[in-house]
Each structure stands twice: as C-alpha cells, then as structure tokens.
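Please look over the sequence and the model shown here before reading on. The briefing that follows goes through its symmetry, its contacts and some backbone details.

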Protein chains: 2
Amino acid sequence: MPINIQDFKDIDPGERLLLGAGPCNVAPRVFRAVAAPSIGYLDPYLFKIMDETQELLRALFRTENAVTLPMSATGGGGMETAFVNLLEPGDQVVVGVNGLFGTRMCDIAERLGCEVVRVDVEWGRAVPAERMEAALKGKSPKIVAVVNAETSTGACTPLKDIGKLAHDHGAMFLADTVTSLAGIDVSIDADGVDVAYSGTQKCISAFPGISLVSFGPAAIKALEARTTKVPNWYLDMTMIREYWGPARKYHHTPAINMIYGLREALRLVFEEGLEARFARHMLNHKALVAGLEAMGLSMLVPAGERLPMLNAVRIAEGADDAKTRGTLLREYGIEISGGLGELGGKVWRIGLMGYNAQPKNVLLLLAALQAVLKGQGVKVGAGAIEAAAAVWAG
Amino acid sequence: MPINIQDFKDIDPGERLLLGAGPCNVAPRVFRAVAAPSIGYLDPYLFKIMDETQELLRALFRTENAVTLPMSATGGGGMETAFVNLLEPGDQVVVGVNGLFGTRMCDIAERLGCEVVRVDVEWGRAVPAERMEAALKGKSPKIVAVVNAETSTGACTPLKDIGKLAHDHGAMFLADTVTSLAGIDVSIDADGVDVAYSGTQKCISAFPGISLVSFGPAAIKALEARTTKVPNWYLDMTMIREYWGPARKYHHTPAINMIYGLREALRLVFEEGLEARFARHMLNHKALVAGLEAMGLSMLVPAGERLPMLNAVRIAEGADDAKTRGTLLREYGIEISGGLGELGGKVWRIGLMGYNAQPKNVLLLLAALQAVLKGQGVKVGAGAIEAAAAVWAG
C-alpha cells in the first residue's frame with residue numbers, strides 16, 4: 001500500500017502524569033541532555049561521558065564494582081544480562097517468587113537450560129529469609145535470586161539476610177533492583193549482592209530503553225570460569241566490558257544520546273543527595289497512603305513490607321477497574337497501572353517514582369481518583385487531602 | 001569514593017560531522033520528536049504511533065510482513081533477534097562472510113549450538129551467488145544468510161539470486177540490511193528475504209539504541225514450529241509480536257521516545273521519497289569517489305560492487321592512519337572510521353548516510369582531508385573539489 005505521508009501527523013502525545021508502574025515522567029533537564037549532538041562510539045568525549053556515568057552509577061549502587069554500566073536494552077534485558085552471563089546449562093538457581101518479575105527470572109533461567117528451584121510466596125508479600133533458608137537446606141546452587149522491589153505488587157524484600165544465606169551455601173546473590181534503585185537505599189556491596197540490574201525509567205527518571213547492571217568480583221570470576229561462550233552475543237559481558245573499560249574495544253554502537261540522558265538524570269540524583277531523595281520518596285508515599293486510606297481504600301502490602309515508589313491499592317468496592325483508569329487518563333491525563341497476572345482486576349498500582357514523587361502529584365491523584373469514583377457512584381470516604389497534608393505537616 | 005557533583009559538568013559534546021561508519025548525524029526534526037512527552041506503554045496514543053511506525057517500516061522494507069517492528073536493542077541486537085528466534089541447536093546455517101558482520105553472524109549461530117558453513121570471500125568484495133551455490137550443493141540448511149551492505153568494507157551483495165538459491169535448497173533467506181536500508185533499494189518481498197534486520201542510526205538517521213526487524217511468513221512458520229522455547233526471553237518474537245499486534249500484551253517497556261524519533265526519521269524518508277533518496281545517496285557517493293580519486297587515493301571495492309553510503313578508501317601512501325583521523329576530528333570536527341579486523345590500518349571508511357549524504361559534507365571532507373594529508377607531507381593530487389563538482393553538474 002503506498003504511503004501518503006501527509007496522513008502521518010506531527011508527534012503530539014499531549015501531557016501525561018505517569019503515576020503507574022513506569023515509565024514515569026522525565027525531568028526537563030534530561031530531555032535537554034538527550035538533545036545534545038550525537039557523536040561517534042569511539043569519540044574521546046563519549047569515553048569521558050561513559051566514565052563519568054559509570055562513576056555515578058557506582059555511587060548509586062553503592063559499590064566498588066568496576067563492571068557497573070548501562071546496557072543497550074531495557075530493564076528486562078538487564079535481567080537477561082545477569083542470568084545469561086553467569087549461568088550454564090545444568091546449573092541450579094534458587095529464586096524467590098512473589099510476583100511477576102520473580103516469575104520472569106524463573107522463565108529466563110529455564111530457557112538457559114538450568115534447574116530452577118522456586119520459592120513461591122504470596123503476591124503482595126516480601127520473600128522471607130526463612131523461606132529461602134528452608135529451600136537452600138542441603139543445596140549449593142550457582143545463584144540465589146530475589147526481586148528487591150516487586151513492581152507487580154509493591155512489596156519490598158530486604159537483601160542483606162538473603163545475601164548472607166546465599167554465600168553460606170556457596171552461591172552468588174542476584175538482586176533485581178529495577179524499581180528500588182534511586183528510590184530507597186540500594187547498597188549492593190554492603191548487602192552482599194554479586195550481580196544486580198536496574199532500569200532507567202523508574203526512580204532515576206530517565207527515558208526507557210537502556211538498563212543498568214553491576215557485576216561484582218564473584219560474578220566476574222564466574223564469567224571468566226565459563227566453560228562455554230555466553231550463548232548471547234548481544235549481551236555478552238566478556239566483550240561489553242572491553243568497550244566500557246580501558247581497552248575501548250568496539251562491540252556495538254551504544255545508545256549514545258540515551259547515555260547523555262542517563263548521566264543527566266544521575267546528576268539530578270546526586271544534586272539532591274541520596275538520603276534526601278529516599279526521604280522524599282518515603283514522605284510522599286506516606287501521604288498517598290494516608291489519603292487512600294481516608295478514602296476507605298486498603299493497601300495490598302502490609303505496612304512493614306511496602307515500597308514507597310510503587311503503591312498497590314485494592315480496587316474500591318463497586319468500582320470498574322478499566323473504566324476508572326480510562327477516565328483518569330482521558331479526563332485528567334493521569335496514568336495509573338492495573339494489576340498484573342493474578343492481581344489483574346484486583347489492584348491499582350500507583351507509582352511515585354523519582355521526579356514524580358512530589359506532593360502536587362499526590363494531591364492531584366487523590367482528588368482525581370475521588371472525583372472519578374464518585375462519578376461511578378462509588379462511596380468514598382472524606383478527608384483524603386487533609387490526611388495527606390497532615391503527613392507533610394509532620 | 002564520595003561524589004562531588006560539581007565535577008560533573010553540563011553535557012557539551014560540541015559539533016561533529018559524523019562521516020564514519022555510523023552513527024551519523026540526526027536530523028533536527030528527530031531531536032524535537034524525541035523530546036515529546038513520554039507516555040505509558042499501554043497508552044492508546046502510543047499504540048497509534050506504533051501502528052504508524054510499523055506501516056512506515058513495511059513501506060521502507062517494501063514488504064507485506066505483519067511482523068515488521070523496532071526492537072529495543074541496537075543493530076547487533078537485531079542480528080541476534082533474527083538468529084535466536086529461528087534457530088535451534090543442531091540446525092545448519094550457510095553464511096556468506098565478506099567482512100566483520102558476516103563473521104559476527106557465524107559467531108551468533110555457533111553460540112546457539114548450530115552447525116555453521118562459512119563461505120569466505122575476500123574482504124572488500126561482494127559475495128558471489130556462484131560461491132553460495134557451490135556451498136549449498138547437496139545441503140538443505142535451515143538458513144542461508146548474507147550481509148547486504150558490509151559496513152566493514154563497503155561492499156554490496158545483491159540479494160535476489162542468493163534468495164532464490166536459498167529457497168531452492170529449502171532454506172530461509174536472512175539478510176542483514178543495517179547499512180543499506182533507506183540508502184539503496186531494499187525490497188525484501190521481491191528479493192525473497194524471509195527475515196531481515198536493520199539499524200536506525202545509518203541511512204535512516206535516527207538515534208542509535210533500537211533496531212528494525214521483519215519476519216516473513218516462512219520465518220513465522222519456523223518460529224511457531226519450534227520444539228524449544230526461544231532461549232532468549234528478551235528478544236523472544238513469540239511474545240514481542242503480541243505487544244506490537246492487536247493483543248497489546250505487555251512484554252517489556254519499549255524505548256518509547258526512541259520510537260517517536262524513529263517515526264519522525266521515517267516521515268522524513270517518505271517526504272523525500274525512496275527513489276529520490278536512493279538517487280541522492282548515489283550522486284554524492286560518485287562525487288566523493290571522483291574527489292578521492294583525483295587526490296590519488298584508490299577505493300577498496302571494485303566499482304560495480306560499491307555501496308554508496310559507505311566508502312572504504314585505501315589509506316594514502318605515507319599517511320599516518322590514527323593521526324589523520326585524530327586531526328580531522330580535533331581540528332575540523334569530522335569523524336571518519338578506520339578499518340576493522342583485517343582491514344585495520346589499511347582503509348578509511350567514509351560514510352555518507354541519510355541526512356549526511358549532502359554535497360556540502362562531501363566538499364568539506366575532501367577539503368579537510370586534503371589539508372590534513374598535506375600537513376603530514378603526503379603527496380596529494382589536485383582537483384578533488386572540481387572533480388566532485390563535475391559529478392553534481394552532470
């Protein structure tokens with residue numbers, strides 16, 4: 001069919017407030033950084049930008065790992081990178097599964113011909129170290145893996161105790177920090193994480209399209225001890241680290257302008273300061289929860305296990321899931337996410353990530369949700385705005 | 001080490017004229033499109049943009065293939081996508097190898113546990129159909145693969161005859177069109193290509209970071225007939241096509257703003273028109289070659305086998321390879337590429353891709369190269385500018 005190019009209009013998405021599970025809104029400075037002129041993949045200026053980006057990433061992961069870098073693939077590609085570089089067919093992996101992303105870890109490890117031991121936990125709860133300990137009894141797997149921040153449920157699984165268990169059983173410890181990084185403390189060296197990955201479009205508030213990985217000494221040793229080539233040329237860390245390290249050996253043309261944007265987003269993170277950033281996420285989370293609870297809604301995750309940046313709230317009784325989200329998007333330009341997998345139709349997922357973790361966004365979401373639910377004839381408790389304001393007032 | 005964020009300055013790469021092997025310069029309108037607000041991965045507006053992008057891509061590949069879409073990975077990831085989805089361990093692949101990217105195809109297929117039959121051809125030459133025919137005698141491989149435009153050498157291998165040979169031997173035909181697409185005619189349906197991939201940062205002149213793939217009916221049939229899951233979750237086309245097709249099933253968050261940019265670059269392609277674009281590439285290529293030859297330099301690839309967008313020229317006698325490229329970059333802001341692999345130190349690779357295939361760039365490159373070589377005491381023939389101008393004058 002011939003193209004009539006006049007039918008293809010100027011891009012014009014309009015304004016969105018992205019309060020779903022990600023991507024979230026990108027800070028204006030990141031847009032400007034991405035628009036800096038492209039340069040070649042062997043340009044000395046790019047090498048400087050790459051080095052600085054790695055330095056900032058190490059500070060963010062709180063690690064000394066030399067191999068800490070952005071991959072030219074989204075968060076799911078970060079997960080694939082961690083597994084495909086370290087596993088060989090027949091290896092055993094123990095995975096804590098408390099949501100969609102733990103399930104995906106199992107899928108990836110199985111595709112690589114590995115034996116997967118699943119530790120299934122109720123969706124919406126953290127993975128208890130005791131459950132991992134029980135599963136590890138008598139085993140010596142190659143990798144023990146958990147998701148730090150389960151984006152599908154909003155549950156936070158602490159890393160330190162599970163990291164110790166992994167090492168006690170001679171395993172490497174792998175942590176998914178896609179949604180946690182830059183929103184809560186992620187200290188991979190202190191917590192014994194041997195390999196971690198993360199995204200750019202959650203609490204870092206850069207564009208989606210690349211991901212972040214960090215390989216510690218044990219992971220590098222395992223990588224170098226492989227008896228087979230990494231069965232994935234594109235994500236092969238034995239080659240990619242040669243480009244990001246002093247050898248500067250060409251592997252593929254990286255997503256150069258996306259790296260500009262990532263670096264700018266990381267500058268914003270460190271201008272604010274990590275502790276201040278974590279506190280901001282926590283405060284706005286508490287205000288949101290106070291508001292939602294005042295409306296009579298209940299959170300999926302018990303108080304002690306909640307993530308601040310991803311809030312799963314049970315769908316209001318009598319509310320229409322799709323209609324509520326559709327009206328929020330069409331009439332107010334606000335995106336929130338529905339449930340995934342077994343939580344489909346049961347929860348809404350409200351993200352307050354990075355740049356978006358601001359009081360004005362909490363207020364608008366509470367007010368708009370209230371209006372939309374009332375429009376559907378759903379009974380909504382009063383005082384949401386006041387409850388949120390009380391949190392900020394201390 | 002604590003971060004002193006004041007040490008990390010504003011991004012400021014300065015201006016570059018990217019006349020290497022890619023990435024090339026991005027058209028101003030593409031920068032603006034990328035800076036449009038981010039939206040969610042299930043936003044109806046994004047679905048419209050995705051559909052339009054697919055329609056434009058089909059017109060560019062000249063195909064009816066429904067599964068024609070951008071992957072969230074660079075050109076090398078496009079190559080990986082084509083192979084990993086169609087091959088299973090033990091499958092046989094026949095690969096024409098006339099440069100680095102053919103070599104990479106073999107590497108990828110071997111990592112997937114396949115038997116690779118290499119048809120090695122001198123770097124700098126096209127892959128002759130007769131050589132492929134001889135290699136195919138008595139064989140019935142799963143895939144026959146060639147690189148349409150060898151970025152490492154500048155040689156163009158025509159597709160049609162090799163496509164017919166592949167089908168005569170019951171194989172699928174795979175073509176790498178990373179550097180050719182949008183610069184010369186790429187008609188995958190007419191040429192019998194069953195699976196193709198391409199880049200965005202060559203003749204399309206969008207940002208690096210994503211790639212383009214097209215799977216035809218035979219490839220889809222092979223995908224559906226697999227006896228094992230695709231051993232790569234991230235690039236699994238059985239799932240990715242469910243997101244890009246009517247089911248809109250979530251797989252991963254795509255590189256949303258990069259898709260905006262790709263669509264804008266494709267709009268520019270079709271505003272110009274394919275035939276006009278191909279003619280522009282050819283004319284400026286001829287002018288460049290006339291100028292280089294007037295300077296006494298000789299092209300690596302014989303005249304009938306040359307690509308217009310990637311010009312490999314033998315390094316001038318007495319010239320210092322690295323010094324020449326370094327001086328061009330530092331003093332004139334012009335990037336050209338050195339040789340790769342066995343051509344390292346032997347050729348320069350000069351790209352005239354997409355937005356960059358303009359007379360002013362040809363003139364500046366010829367003039368600057370002349371100045372740099374003369375500065376090294378290299379003897380350079382006169383009349384380069386005049387020779388190029390004569391080509392444009394007809």
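In which loop of chain A is the place of A:Pro23? A:Pro23 sits in the loop of chain A that runs between strand E1 (17–18) and helix H1 (28–34). This is a predicted model, and every value below should be read with that in mind.

**Backbone details**

- In chain A, the peptide bond that joins A:Gly22 and A:Pro23 is cis, with omega at about 0 degrees.
- In chain B, the bond from B:Gly22 to B:Pro23 is likewise cis, its omega being near 0 degrees, and B:Pro23 is placed in the loop between strand E1 (17–18) and H1 of chain B.
- B:Ser205, although it is not a glycine, has a positive phi of about 60 degrees, and this residue belongs to the loop between strand E9 (195–199) and strand E10 (211–215) of chain B.
- As background to these points, most residues other than glycine have a negative phi, and most peptide bonds are trans.

**Symmetry of the two chains**

- Chain B is superposed on chain A by a rotation of 180 degrees with 0.0 Å of shift along the axis, and the RMSD of that superposition is 0.0 Å.
- That is the relation of a two-fold axis.
- Among the residues of chain B, the one that comes closest to the rotation axis is B:Ala73, whose C-alpha is at 2.6 Å.

**Interface between chain A and chain B**

- The contact between the chains brings together 63 residues of chain B and 63 residues of chain A.
- On the side of chain B that touches chain A, the elements giving two or more residues are helix H1 (28–34), helix H2 (44–61), helix H3 (75–86), helix H4 (100–111) and helix H9 (256–272) of chain B.
- H9(B) gives the most to this side of chain B, with nine residues.
- By class, the residues on the side of chain B that touches chain A comprise 32 nonpolar, 16 polar and 15 charged.
- Because 100% of the interface residues of chain B are also interface residues in chain A, the copies meet through the same surface.

**Domains of chain A**

- Chain A is divided into domain 1 (28–270) and domain 2 (274–392), and the centres of these two domains, taken over C-alpha atoms, are separated by 29 Å.
- The contact between them takes 22 residues from domain 1 of chain A and 21 residues from domain 2 of chain A.
- Where domain 1 of chain A touches domain 2 of chain A, the residues on the domain 1 side divide into 11 nonpolar, eight polar and three charged.

**Helix packing**

- In chain B, the axes of helix H12 (residues 359–375) and helix H13 (residues 384–393) come within 10 Å and cross at roughly 165 degrees, which makes H12(B) roughly antiparallel to H13(B).
- The crossing of H12(B) and H13(B) is right-handed, and the residues that make the contact include B:Leu363 and B:Leu366 of H12(B) together with B:Ile385 and B:Trp392 of H13(B).
- The contact of H12(B) with H13(B) has nine nonpolar residues, one polar and no charged.
- In chain A, helix H5 (residues 129–136) and helix H6 (residues 160–168) pack at an angle of about 10 degrees with their axes 9 Å apart, which makes H5(A) roughly parallel to H6(A).
- A:Ala129, A:Met132, A:Glu133 and A:Leu136 in H5(A) meet A:Asp161, A:Ile162 and A:Leu165 in H6(A), and by class the contact of H5(A) with H6(A) has five nonpolar, no polar and two charged residues.

Definitions and conventions
Residues numbered from 1 in each chain as written. Chains lettered and ligands numbered in written order. Predicted model: local features only at pLDDT ≥ 70, side-chain atom pairs only at ≥ 80, totals over all residues. Least-squares fit on C-alpha atoms with pLDDT ≥ 70 in both. Contact = placed C-beta atoms within 7 Å. Helix = DSSP H or I, 4+ residues; strand = E, 2+ residues; numbered from the N terminus. Nonpolar A, V, L, I, M, F, W, Y, C, P; charged D, E, K, R; others polar. Axes fitted to C-alpha atoms, helices over the stretch in contact; angles between N-to-C directions. Parallel < 35°, antiparallel > 145°, perpendicular 65-115°, else oblique. Left-handed = near helix turned anticlockwise from the far one by under 90°. Domains from an automatic or database assignment.
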